[in-house]
Amino acid sequence: MVIAVSALILIIGVSIYFDRDGNGGGNGDDNDGPWSDLDDLKRSLGEIPAFQYSEVRSTDELDSIKDPGNVVYMLIGIERELNSSNYISIKNFIMDGGFVIIADDGTNANRLGDLPLSEGEKRIDFIGKPYLVDRTLSEPTDDRGYLYNKYFIKSYSTIGGRNYEVIVHRPNGLNSSEGGNVLLKTSKQLTVIDMNENEIIDDDPPDKFSPEGPIAVEYRIGSNDGGIVYISSTGLFTDNVFHLKNNEAWFRAYLTQFLPTGGKVLLDTSKQMSSMSPHDENIPA
């Protein structure tokens, strides 16, 4: 009886350990997430009648989707490492025709960086270090606090023949090797990745020169029209920027490309460990 009880305690302990450190197939409940400053994004998605918006708490839910081609899965805010089960579920979902949006402020999404290899592209890597742009090249006539602020970066994008101006808060470096379809990039030729994070554009290394650095890069993968977009900042979706310029309109237009007649939009918050994102600061006056 003592041996049996001891064995049961050991099994429970091991199970809890793997759930806590993210190496198991499921997701633990030992965090303060999800982020509370994605409310504007959630509201916007819920307002579109054609979208069946819902939140999920595990990549395991992708395994049971019968029509992935009619689903967009969003994993925004990755504060826990992706495990093998997460990777396999996401990859299979894409290969079956689903579309994935990954937004990571750090480097935890790099496990998914080899997916473009199946299409003959080079892998993509999240650097986890911020872009800095030369503020002296900004337009002084319509400055509202972000054109001269090196942390609120302006970008431009064209979807369906319409031009969008998008503001991204603290985008990080993204090594895409000039592959894929670049959806968003910094608007300045003089852009560096602040490798030593001293908030200064250094003339010499270690800063990495990245002219008009990519912020969001899309790849179409597999024979079923699946795909993935890598976004190097969640500071495109949080409440302090989602209402700025054309952010909301751009994102709605981008989603509609994949669900022109409607479909499911899934937001996975399972990797958010904090109650707020790192993008909750306000635009300076």
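Where in the chain is the place of D96? D96 lies in the loop between α3 (84-95) and β3 (99-103), where helices (H or I, at least four residues) and strands (E, at least two) are DSSP runs numbered from the N terminus. The structure is a predicted model, in which local features need pLDDT of at least 70 and side-chain atom pairs count only at pLDDT 80 or more, while totals for chains, interfaces and linings use all residues. Residues are numbered from 1 along each chain as its sequence is written, and side-chain values use heavy atoms, with hydrogens and water left out.

The C-alpha atoms of D96 and N224 are separated by 6.0 Å, although the two residues are 128 residues apart along the chain. Not counting residues up to four places away in sequence, D96 touches P68, G69 and N224; contact means heavy atoms within 4.5 Å.

Two strands are taken to pair if DSSP finds at least two bridges between them. Strands of a sheet pair through backbone hydrogen bonds, either parallel or antiparallel.

Two packed helices are described by the angle between their axes and the distance between the axes. The axes of α2 and α4 (residues 247-258) come within 11 Å and cross at roughly 45 degrees. The angle therefore makes α2 oblique to α4; angles under 35 degrees count as roughly parallel, over 145 as roughly antiparallel, 65 to 115 as roughly perpendicular and the rest as oblique. On the α2 side the contact is made by L41, R43, S44 and L45, and on the α4 side by E248, F251, R252 and L255. These residues divide into four nonpolar, one polar and three charged, with Ala, Val, Leu, Ile, Met, Phe, Trp, Tyr, Cys and Pro counted as nonpolar, Asp, Glu, Lys and Arg as charged, and the others, Gly among them, as polar.

A further open sheet consists of four strands in the order β7-β4-β9-β10, with antiparallel pairing. Its edge strands, β7 (172-175) and β10, each pair on one side only. The antiparallel pairing of β9 and β10 extends over two bridges, and K208 in β10 is the bridge partner of I193.

Backbone features of note occur in several loops. In the loop between α1 (2-21) and α2 (39-46) lies P34, which is joined to G33 by a cis peptide bond with omega of about 5 degrees. E197, in the loop between β9 (191-193) and β10 (208-209), is a residue other than glycine with a positive phi, near 50 degrees. E212, located in the loop between β10 and β11 (214-221), likewise is not a glycine and has a positive phi of about 45 degrees. E197 counts as partly exposed at 45% relative accessibility, and E212 is partly exposed with a relative accessible area of 32%; buried means under 20% relative accessible area, exposed over 50%, and partly exposed in between (1.4 Å probe, protein chains only).

Key
Axes fitted to C-alpha atoms, helices over the stretch in contact; angles between N-to-C directions.
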